[in-house]
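Colleague: Please walk me through a few local features of this model, one at a time.

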Amino acid sequence: MAVLGGTRREYRRGHGRRSLPTARAIVALMLREMTTSYCRSPGGYLWAVLEPALGIAILTLIFSVGFRAPPVGTSFPLFYATGMVPFLFYGELSSKVAQAILYSRQLLAYPGVTYADALLARFLVAALTQILVACLVLAGIFAAFDTRTTPDIAAAVLGFAMASALGLGVGTLNCFLMTRYALWQRVWSIVNRPLFLLSCVFFTFDTVPEPYRSGLWFNPLVHVVGQMRAAFYPAYDGTYVSPLYVFAVSLCLTASGLVFLRRFHRELVHD
């Protein structure tokens with residue numbers, strides 16, 4: 001019993017010693033990310049938020065000229081934004097997390113910095129940035145257009161949570177694959193391109209004919225976009241959306257990526 005008691009006390013002391021350095025390492029990596037990625041360009045972090053927001057806004061206006069009648073609601077800018085914003089949210093998060101080890105490889109040589117710290121730091125910075133982008137885009141649309149709809153904030157938060165989980169899962173697994181196999185980055189960029197057309201950004205899920213609709217259901221991004229649409233359109237039929245499916249896929253991808261990173265992280269860092 002005394003041995004067990006001593007072991008527990010040692011674990012608690014060790015855990016306490018590790019948690020504080022971990023938090024410091026994550027914050028330091030986040031500051032480094034913001035400094036090196038954003039502060040070298042004019043406008044710094046502000047421009048990092050405004051650039052994608054303006055890009056989405058310009059594309060929204062361009063497409064709204066050609067497609068005046070959206071499949072749902074009365075405002076094409078809102079319809080397009082509710083598809084594009086969560087899609088880019090996922091894409092940016094997965095891309096940033098996937099590059100975590102390649103970006104912080106030199107710092108990972110220090111014993112106080114782990115691959116998990118690098119993953120979390122890049123994920124948090126990307127998530128905060130994309131949340132600001134989403135708020136700017138959606139607030140601008142509501143201010144400039146008569147959308148005739150009232151968003152469900154709780155449902156929108158769930159949509160962003162689904163996009164965040166999926167981005168973390170895909171990014172974590174790709175972090176291992178891209179670091180271990182240099183060719184995978186090019187392969188993934190090719191495989192990933194059709195997702196823009198297969199994620200219901202420009203159309204609704206119910207307009208897809210069978211048997212393609214049943215196959216499309218297995219694309220987690222279809223559920224993310226559908227959840228966001230349901231949050232902004234109370235009359236939208238989002239019964240096909242399954243948050244459980246998205247979170248389950250995300251958990252499997254994250255767990256797989258972490259298992260491989262735990263097994264091979266020393267080799268990846270010192271390659």
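Colleague: Is Asn174 buried or exposed?

Modeller: This is a predicted model, in which local features need pLDDT of at least 70 and side-chain atom pairs count only at pLDDT 80 or more, while totals for chains, interfaces and linings use all residues. Residues are numbered from 1 along each chain as its sequence is written, and side-chain values use heavy atoms, with hydrogens and water left out. Buried means under 20% relative accessible area, exposed over 50%, and partly exposed in between (1.4 Å probe, protein chains only). Asn174 has 4% relative accessibility, so Asn174 counts as buried.

Colleague: In which helix is Asn174 found, and with which residues is Asn174 in contact, leaving aside its neighbours within four places in sequence?

Modeller: Helices (H or I, at least four residues) are DSSP runs, numbered from the N terminus, and Asn174 is found in α6. Contact means heavy atoms within 4.5 Å. Leaving aside neighbours within four places in sequence, the contacts of Asn174 are Ala98, Thr179, Trp184 and Trp188.

Colleague: At what angle do α3 and α9 pack?

Modeller: Axes are lines fitted to C-alpha atoms over the stretch in contact, and angles run from 0 to 180 degrees between N-to-C directions. For α3 (residues 76-98) and α9 (residues 220-232), the axes are 9 Å apart and the angle is about 140°. That makes α3 oblique to α9, since angles under 35 degrees count as roughly parallel, over 145 as roughly antiparallel, 65 to 115 as roughly perpendicular and the rest as oblique. The value asked for is about 140°.

Colleague: Which residues in α9 meet α3?

Modeller: On the α3 side, the residues are Leu78, Phe79, Thr82, Gly83, Pro86, Phe87 and Tyr90. Their partners in α9 are Leu221, Val224, Val225, Met228, Arg229 and Phe232.

Colleague: With which residues is Phe232 in contact, leaving aside its neighbours within four places in sequence?

Modeller: Phe232 is one of the α9 residues that meet α3. Leaving aside neighbours within four places in sequence, the contacts of Phe232 are Leu78, Thr82, Leu138, Phe142, Thr149, Pro151 and Ala156.

Colleague: Is Cys200 buried or exposed?

Modeller: Cys200 is in the loop between α7 and α8, and has a positive phi of about 60° although it is not a glycine. At 2% relative accessibility, Cys200 counts as buried.

Colleague: And is Arg148 buried or exposed?

Modeller: Arg148 is placed in the loop between α5 and α6, with a positive phi of about 55° although it is not a glycine. Its relative accessibility is 66%, so Arg148 counts as exposed.

Note on methods. Helix = DSSP H or I, 4+ residues; strand = E, 2+ residues; numbered from the N terminus.
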